[in-house]
Protein chains: 2
Amino acid sequence: MKRRRGAEDGLVERMKARGLRLTGQRKLLAELLEGADEHLDAESVYQRARAMDGSVHRATVYRTLNKLKKLGLVDELDLMHVSGERHYYEIRPSTLHIHLVCTTCKGVDEPGETFWEDLKRRVESANGFRPEVVRIEMAGTCSACQGRRSRSSA
Amino acid sequence: MKRRRGAEDGLVERMKARGLRLTGQRKLLAELLEGADEHLDAESVYQRARAMDGSVHRATVYRTLNKLKKLGLVDELDLMHVSGERHYYEIRPSTLHIHLVCTTCKGVDEPGETFWEDLKRRVESANGFRPEVVRIEMAGTCSACQGRRSRSSA
DNA sequence: TCTCTTCTGCGAACGTTTCGCAACAAGATC
DNA sequence: GATCTTGTTGCGAAACGTTCGCAGAAGAGA
């Protein structure tokens with residue numbers, strides 16, 4: 001499951017701002033999440049953390065992920081269960097999440113927000129609902145796999 | 001967590017069409033899911049199933065839910081974890097899921113599809129991605145809670 | 001540096017989900 | 001309707017992911 005996304009910065013700073021104590025383990029985990037090239041589940045986070053510091057305990061990883069999730073700094077996703085039952089963690093880039101999950105190559109695209117913003121306005125005027133966090137997930141076929149498919153069937 | 005949604009029909013028929021063997025337990029579970037007045041997690045499904053037929057085993061509930069999920073007849077949702085870590089099951093109404101989860105009253109609204117349809121077209125032309133299943137979840141404040149809040153703060 | 005408080009490692013415990021098996025029953029065939 | 005085949009069920013044990021309670025370690029502020 002490859003991952004492509006825009007720039008992101010300052011998880012450690014945001015943690016500090018929320019009053020979290022900056023321990024070595026937490027800095028390590030923040031770094032790891034920021035530098036992740038793909039979506040990670042709890043076990044993968046643990047494995048990568050261990051590779052960087054063998055003394056990090058599993059429970060610490062869970063506790064930290066939960067804390068970050070509760071503070072809204074990190075989100076937990078299932079990516080439509082296209083690649084199994086795992087849950088993935090990613091830094092919350094803003095209030096808006098968009099994931100395009102390809103059911104063929106399992107790739108996940110995260111397009112820019114640009115024209116999605118008016119969605120919030122629309123739901124507010126149409127339903128009276130004021131959205132704070134928006135998550136959009138689409139499972140389907142990415143352009144590359146569409147091309148591959150039509151070529152092979154030609 | 002109350003639930004409001006439109007009409008839905010024929011889960012048993014769709015199961016049959018997919019070649020599933022229609023056992024008593026499966027009919028019971030299908031009925032239960034169709035008649036659910038709120039989103040149910042696996043344990044709640046099991047409890048309700050037991051109330052209808054005391055001999056239904058937990059494993060059967062899990063197996064059936066998984067099978068339905070794999071066939072795309074049922075979806076598993078976390079509803080943005082607004083009410084905890086549980087996962088909820090619901091009949092897949094179409095290719096489009098929209099949930100507006102109120103962080104105040106925990107209510108879940110499922111508005112009609114109407115103007116969401118063009119979303120698919122937009123993502124196809126903008127990203128070359130062909131969506132098959134679309135899930136939109138928004139956490140925020142529903143109109144009732146907005147009213148309640150502004151009234152009490154007035 | 002000292003103190004206060006939070007965080008960590010540890011390993012046991014917990015709750016949920018799956019497993020392997022023998023018995024059972026749905027649906028097809030005659 | 002009787003028979004056969006194969007998928008499904010109940011069961012209890014097992015596996016899995018996650019959380020717990022504790023004692024000791026380590027941030028952050030004075």
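In chain B, Gln25(B), Arg26(B) and Leu29(B) of H2(B) meet Thr60(B), Val61(B) and Thr64(B) of H4(B), where contact requires C-beta atoms, placed from the backbone, within 7 Å. Helices here are DSSP runs of H or I with at least four residues, strands are runs of E with at least two, and both are numbered from the N terminus. This contact comprises 2 nonpolar, 3 polar and 1 charged residues; Ala, Val, Leu, Ile, Met, Phe, Trp, Tyr, Cys and Pro count as nonpolar, Asp, Glu, Lys and Arg as charged, and the others, Gly among them, as polar.

This is a predicted model, in which local features need pLDDT of at least 70 and side-chain atom pairs count only at pLDDT 80 or more, while totals for chains, interfaces and linings use all residues. Residues are numbered from 1 along each chain as its sequence is written, and chains are lettered from A and ligands numbered from 1 in the order in which they are written.

Between the chains, 28 residues of chain B are in contact with 28 residues of chain A. E7(B) gives the most to the chain B side, with 12 residues. That side has 13 nonpolar, 7 polar and 8 charged residues. Strand E7 of chain A (130-141) pairs with E7(B) in the antiparallel sense over 11 bridges, pairing being at least two DSSP bridges between two strands. Within this pairing, Arg130(B) is the bridge partner of Thr141(A).

DNA strand C is surrounded by 23 residues, counted as near if the C-beta atom, placed from the backbone, lies within 6 Å of the strand. Among the closest are His57(A) and Leu22(B). The surface near DNA strand C divides into 7 nonpolar, 10 polar and 6 charged residues.

Notes:
Contact = placed C-beta atoms within 7 Å.
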